[in-house]
Amino acid sequence: MIETCPPTIGALLAGGLARRMGGGDKPLRRVGGRPILDHVVERMAPQCAGLVINANGDPARFAPYGLPVVPDDVPGFAGPLAGILAVLDHVAVRRRDVEWIVSVAADTPFLPPDLVARLHAARREEGAMLACAASGGRTHPVIGLWPVGIREDLRRALVGEGERKIDRFTARFPLAVAEWPTEPFDVFFNANAPADLEAAEAILVHARLS
């Protein structure tokens, strides 16, 4: 049985440039007649003590969600680490009662309902500082659990050292990995290219019928 996990803010990372999708906001592309971000919010809200969208540009495009939208702290589209840092900073100031965030890509519509609980369980069991998800023998560094207290280490790595790779940064700390199966589908499937939207539609149909 998975223990109750501490309050955790969900960081929905929507700050990418979406080059393979032809630009624009991947999370606002539609799957099952709704934006992918709808699916992400629906799956993450019950697991979290609140959600924050990390996105650059005009925040008004996310207004229908009624969620805080925070841009990267670091200029120049520095990748998901910059988005994670932005949410860590936001939580440190606005939610001082919360010591953890969980980061997810905002283009992953099939996230598991036990994501937060299992990441916390893996962290506790291994005595680790961080945790990330894996499936099919492959880790997903962007799907991870982060203590708010790590933000200054992350800022130094991003700003002082120019670090951009999540897995290189997390390798500096004890890291737990929680594995999910890939059958009947990979819960960490993400829509990177137009063909992925068709694949997501097929997964959604399968999920509804099973």
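Predicted model: local features only at pLDDT ≥ 70, side-chain atom pairs only at ≥ 80, totals over all residues.

Q: Which residues of α4 are buried?
A: They are Leu 154, Ala 157 and Leu 158. Buried means under 20% relative accessible area.

Q: Why are the buried residues of α4 said to line one face of the helix?
A: Viewed down the axis of α4, they fall within an arc of 90°, so they line one face. An α-helix has 3.6 residues a turn, so residues three or four places apart point the same way.

Q: What do the buried residues of α4 pack against, and which residues are exposed on the other side?
A: The buried residues pack against α2 and α5 (166-170). On the other side of α4, Val 159 and Gly 160 are exposed.

Q: What makes Arg 155 and Asp 89 a salt bridge?
A: The cut-off is 4 Å between a side-chain nitrogen of Lys or Arg and a carboxyl oxygen of Asp or Glu. The N to O distance of this pair is 2.7 Å, so the pair counts as a salt bridge. The pair links distant parts of the chain, with Arg 155 in helix α4 (residues 151-160) and Asp 89 in helix α2 (residues 80-94), 66 residues apart.

Q: Why is Asp 89 called buried while Arg 155 is called partly exposed?
A: Buried requires under 20% and exposed over 50%, with partly exposed in between. Asp 89 has a relative accessible area of 13%, so Asp 89 is buried. Arg 155 is at 23%, so Arg 155 counts as partly exposed.

Q: How do you know that Arg 156 and Asp 153 are separated by about one helical turn?
A: They are 3 residues apart in helix α4, and therefore about one turn separates them. Arg 156 and Asp 153 also form a salt bridge, with the closest N and O atoms 2.6 Å apart. Arg 156, at 48% relative accessibility, counts as partly exposed, and so does Asp 153, at 28%.

Q: Which residues do salt bridges with shared partners join into one network?
A: The network consists of Asp 89, Arg 151, Glu 152 and Arg 155. The whole structure has 12 salt bridges.

Q: How many aromatic pairs are there, and why is Trp 180 with Phe 188 called edge-to-face?
A: The count is 5 aromatic pairs. The ring centres of Trp 180 and Phe 188 are 5.3 Å apart and the planes stand at 85°, so the pair is edge-to-face. The cut-offs are 6.5 Å for the centres and over 60 degrees for the planes.

Q: How do you know whether Trp 180 and Phe 188 are buried or exposed?
A: Trp 180 is at 5% relative accessibility and Phe 188 at 4%. The limit is under 20%, so both count as buried.

Q: What makes Arg 118 a charge over the ring of Trp 180?
A: Arg 118 lies over the face of Trp 180, at 4.2 Å from the ring centre. The distance limit is 6 Å.

Q: Which residues touch the most other members of the largest nonpolar core?
A: Among its 41 residues, these are Leu 12, Leu 37, Met 44 and Leu 115. Helix α1 gives the most to this core, with 5 residues. Met 44 touches several residues, including Leu 12, Val 102 and Leu 115.

Note on methods: Residues numbered from 1 in each chain as written. Heavy atoms only, no water. Helix = DSSP H or I, 4+ residues; strand = E, 2+ residues; numbered from the N terminus. Buried < 20%, exposed > 50% of the residue type's maximum accessible area, 1.4 Å probe, protein only. Phe/Tyr/Trp six-rings, centres within 6.5 Å; stacked < 30°, edge-to-face > 60°. Lys NZ or Arg CZ within 6 Å of the ring centre and 35° of its normal. Core = buried A, V, L, I, M, F, W, Y, C linked by side-chain atoms within 4.5 Å. Contact = heavy atoms within 4.5 Å. Arc of directions from axis to C-beta.
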